[in-house]
Amino acid sequence: MPYILEKANVLKNNKVITCSILIKNHRVDYMKENLKRLSYMKTNLSQYLLTPGHVMINYSFTKEYSFQSFKKEMTENYLRKGCTTLLVISDVKNEHEIAQSLNSTKHFLLNSPIDYYLGIRIPLESLTPSFLVACRRKKIPVIIVTINKVEDLFNVPWGWIRESYHSYRIPIIPDWKMKEKTVFNSNRKELIWKEITDDNRIPTIPLCPTADVPLSIDFLKKSGIYPDKGDIRVGGELDYNLYEHDSISYSVDEKPTLDYHNLIPTITMHKGNFTKVGTKVYFRSGFGNECKVKKPGYFVSSYDHEVLVNER
């Protein structure tokens, strides 16, 4: 039965807009400033901030977990915090391990209560044109490369990697693992990374995200997860969080201040079903599905889009 979320304060692209949302078949059917002329049942959300369901990253689910351990971690670290989609990272050593590693991770996630994407983490020396082509075929949204020495960056055939991209441009994320102090301080290594990726027009996300906070809208756009996830939009699935006004500092048309380490949503909706209501968290085993990215970077900023167009 259709219904309306009335006077919703919706977080879109880091700004808050007030609108009413018509819901049909667990999807957003229509959004407008007001829908007073429609006679559907209405729920007033003026006392809440409505955000898209959070997309978070996980680096540990490739390990051997018991179902109870998996359920506990998923409930405490993700469902309770309003996460409705996960980007799960699989560790592989070379391209020959990609299929086996992804299949193993997908098998493990058969019990996932939320949707998920699959990314890959590799040693820098395994980053080759053929590896990138294999990831393109699997529709991988991001590749994380672990870097032990900054000097190793100069051994990568960046020109060949650039030529192997074509239209599916997977962003590469550096994961710095230097254990000892070198001549390259933090700023220096980041400048070198930026210079290499800019010169070769390699799409990148400069910082490896942490596992306990929602991924930024910039990350979601560059990886291609947005707008399928991380957005409230017409035609999109009904994934959202409701936060009490008293816990958030913001005004309409300004970016709200959200402390995701401590801020817990009052209500979480995932694909039209309640995942969290108050202190109650619902774990629906197998309710989540694997998602695929259509085209990374399609909704990046105008500057980055210009670079992509020129590259083609």
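The legends below describe close-up views of a predicted model.

**Figure 1. Overall content of the predicted protein chain.** The protein chain contains seven helices and 14 strands. Of its 312 residues, 50% are buried. Among contacts between residues at least 6 apart in sequence, 73% join residues at least 24 apart.

Figure 2. Phe61 is buried, at a relative accessible area of 0%, whereas Tyr65 is partly exposed, at 22%. Phe61 and Tyr65 belong to one aromatic cluster together with Phe67, Phe70, Tyr78, Phe108 and Phe283.

**Figure 3. The tryptophan pair Trp176 and Trp193.** A pair of aromatic rings is described by the distance of the centres and the angle of the planes. The ring centres of Trp176 and Trp193 are 6.4 Å apart and the planes lie at 85°, so this pair is edge-to-face. Trp176 belongs to strand 10 (residues 172–176) and Trp193 to helix 5 (residues 186–199), so the pair ties together parts that are 17 residues apart in sequence. Trp176 and Trp193 are both buried.

**Figure 4. Charged side chains over tyrosine rings.** Arg169 places its charged end over the ring of Tyr165, at 5.2 Å from the ring centre.

Figure 5. Ile120 is found in strand 8 and counts as buried, with a relative accessibility of 0%. Val142 lies 22 residues away from Ile120 along the chain, yet the C-alpha atoms of the two are separated by 6.7 Å. Leaving aside residues up to four places away in sequence, Ile120 touches Ile89, Ser90, Val92, Ile98, Leu102, Phe131, Cys135, Ile140, Val142, Ile143 and Ile144.

Figure 6. Helix 3 spans residues 129–137, and its buried residues are Pro129, Phe131, Leu132, Ala134 and Cys135. Two of these, Phe131 and Cys135, are among the residues that Ile120 touches. Just after helix 3, Lys139 adopts a positive phi of about 60°.

**Figure 7. The largest pocket.** The largest pocket holds about 650 Å³ of space. Its lining comprises 29 residues, of which Asn14, Pro214, Leu215, Ser216 and Ile217 lie nearest the centre. At least two lining residues come from each of strand 1 (3–12), strand 5 (48–52), strand 6 (54–58) and helix 6 (217–223). Helix 6 gives the most, with four residues. By class, the lining of this pocket has 17 nonpolar, eight polar and four charged residues.

**Figure 8. The largest cavity.** Rolling a probe the size of a water molecule over the atoms shows where empty space is left. The model has two cavities of 30 Å³ or more. The largest cavity has a volume of about 50 Å³. Its lining is formed by Pro52, Gly53, Asp228, Lys229, Gly230, Asp231, Glu237 and Asp239. These residues divide by class into one nonpolar, two polar and five charged.

**Figure 9. The second largest cavity.** The second largest cavity contains about 40 Å³ of space. The residues that line it are Leu79, Pro113, Ile114, His270, Asn273, Thr275, Tyr282, Arg284 and Phe287. Five of the lining residues are nonpolar, three are polar and one is charged.

Key. Residues are numbered from 1 along each chain as its sequence is written. This is a predicted model: local features need pLDDT of at least 70, side-chain atom pairs count only at pLDDT 80 or more; totals for chains, interfaces and linings use all residues. Side-chain values use heavy atoms; hydrogens and water are left out. Buried means under 20% relative accessible area, exposed over 50%, partly exposed in between (1.4 Å probe, protein chains only). Rings of Phe, Tyr and Trp (its six-membered ring) pair if their centres lie within 6.5 Å; planes under 30 degrees apart count as stacked, over 60 as edge-to-face and the rest as tilted. A charge sits over a ring if NZ of Lys or CZ of Arg is within 6 Å of the ring centre and within 35 degrees of the ring normal. On a 1 Å grid over the protein atoms alone, a cavity is a set of points where a 1.4 Å probe fits but cannot get out, and a pocket is an open set with protein on both sides within 12 Å along at least five of seven lines; lining residues have an atom within 4 Å of a point. Grid points are joined across faces, edges and corners, and a volume is the space filled by probe spheres set on the points. Ala, Val, Leu, Ile, Met, Phe, Trp, Tyr, Cys and Pro count as nonpolar, Asp, Glu, Lys and Arg as charged, and the others, Gly among them, as polar. Contact means heavy atoms within 4.5 Å.
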